[in-house]
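Hi,

Here's the structure I promised to pass on.

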Amino acid sequence: MMQPIDQFIAQYIPAAQALNLRVVESSPQRVVIKAPFECNSNHHHTMFGGSQALLATLNAWSLVYLNFPEANGNIVIRSSQIRYLKPAPSDVIAVSICPDSLEMNLAQQMLTKKGKAKMTIQCQLYCDDIIVSKWTGEFVLSRELF
């Protein structure tokens with residue numbers, strides 16, 4: 001049985017606890033995680049870029065985790081890119097939405113046939129309902145340990 005994402009994060013991702021990241025919503029269709037400003041601010045009184053990158057990576061990773069339980073958490077980030085669009089002077093919410101069914105089906109087929117698959121996920125970060133960052137990452141997932 002797959003562990004709920006908030007429990008998995010609490011147990012296996014200590015950085016998420018250090019930054020006080022909180023799962024707000026989690027389903028195979030959408031994941032929302034919040035980063036509180038007070039634990040992630042910098043000397044400019046905005047949210048630290050590294051906190052935003054970790055938040056986005058964890059958010060997108062969680063979406064893959066929820067969509068591919070047969071991978072048993074054997075999911076790693078292969079590459080990522082983030083664009084910082086605006087400063088974030090308060091809490092940030094990360095939102096990842098499931099990619100189109102074609103990409104999901106292709107990843108599922110590869111995982112079933114070859115035991116490994118890759119998939120690209122996008123994440124948008126919001127501060128006060130304004131997009132402050134856009135993140136894209138490619139994940140590799142496997143039915144076996146890497």
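**The sheet**

Six strands make up an open sheet, running in the order S1-S2-S4-S5-S6-S3 with antiparallel pairing. Strands here are DSSP runs of E with at least two residues, helices are runs of H or I with at least four, and both are numbered from the N terminus. Two strands pair if DSSP finds at least two bridges between them. At the edges sit strand S1 (22-26) and strand S3 (75-84), each pairing on one side only. Averaged over the sheet, neighbouring strands are turned by 20° against each other, direction ignored. (Axes are lines fitted to C-alpha atoms, for helices over the stretch in contact, and angles run from 0 to 180 degrees between N-to-C directions.)

Before going on, a note on where this comes from: it's a predicted model, so local features need pLDDT of at least 70 and side-chain atom pairs count only at pLDDT 80 or more, while totals for chains, interfaces and linings use all residues. Residues are numbered from 1 along each chain as its sequence is written, and side-chain values use heavy atoms, with hydrogens and water left out.

Back to the strands. In general, strands of a sheet pair through backbone hydrogen bonds, either parallel or antiparallel.

- S1 and strand S2 (residues 30-35) are antiparallel, with four bridges. They form a hairpin with three residues between them, and Glu25 stands opposite Val32 in S2.
- S2 is joined to strand S4 (residues 92-97) by six bridges, again antiparallel. Here Ala35 faces its opposite number, Val92 in S4.
- Strand S5 (residues 116-127) and strand S6 (residues 130-142) run antiparallel and are joined by 12 bridges. Cys127 has Ile130 in S6 as its bridge partner.

Helix H5 (residues 101-114) packs on the sheet, where it touches S5 and S6 (contact means heavy atoms within 4.5 Å), and its direction makes about 145° with that of S5.

**The aromatic rings**

How many aromatic pairs are there? The count comes to five. The rule is that rings of Phe, Tyr and Trp (its six-membered ring) pair if their centres lie within 6.5 Å; planes under 30 degrees apart count as stacked, over 60 as edge-to-face and the rest as tilted. Phe8 and Tyr12 have ring centres 4.7 Å apart and planes at 45°, so this pair is tilted. Both belong to helix H1 (residues 5-12), and because they are four residues apart, about one helical turn separates them.

(Buried means under 20% relative accessible area, exposed over 50%, partly exposed in between, with a 1.4 Å probe and protein chains only.)

Phe8 also forms a tilted pair with Tyr65, at 4.8 Å centre to centre and 45° between the planes. That pair links distant parts of the chain, since Phe8 is in helix H1 and Tyr65 is in helix H4 (residues 49-67), 57 residues apart. Tyr65 is buried, at 4% relative accessibility. Ring pairs link Phe8, Tyr12, Trp61 and Tyr65 into a cluster.

**H1 against H4**

The axes of H1 and H4 come within 11 Å and cross at roughly 125°. The two helices are therefore oblique (under 35 degrees is roughly parallel, over 145 roughly antiparallel, 65 to 115 roughly perpendicular and the rest oblique). Ile5, Phe8 and Ile9 of H1 make the contact with Leu58, Trp61, Ser62, Tyr65 and Leu66 of H4.

Cheers
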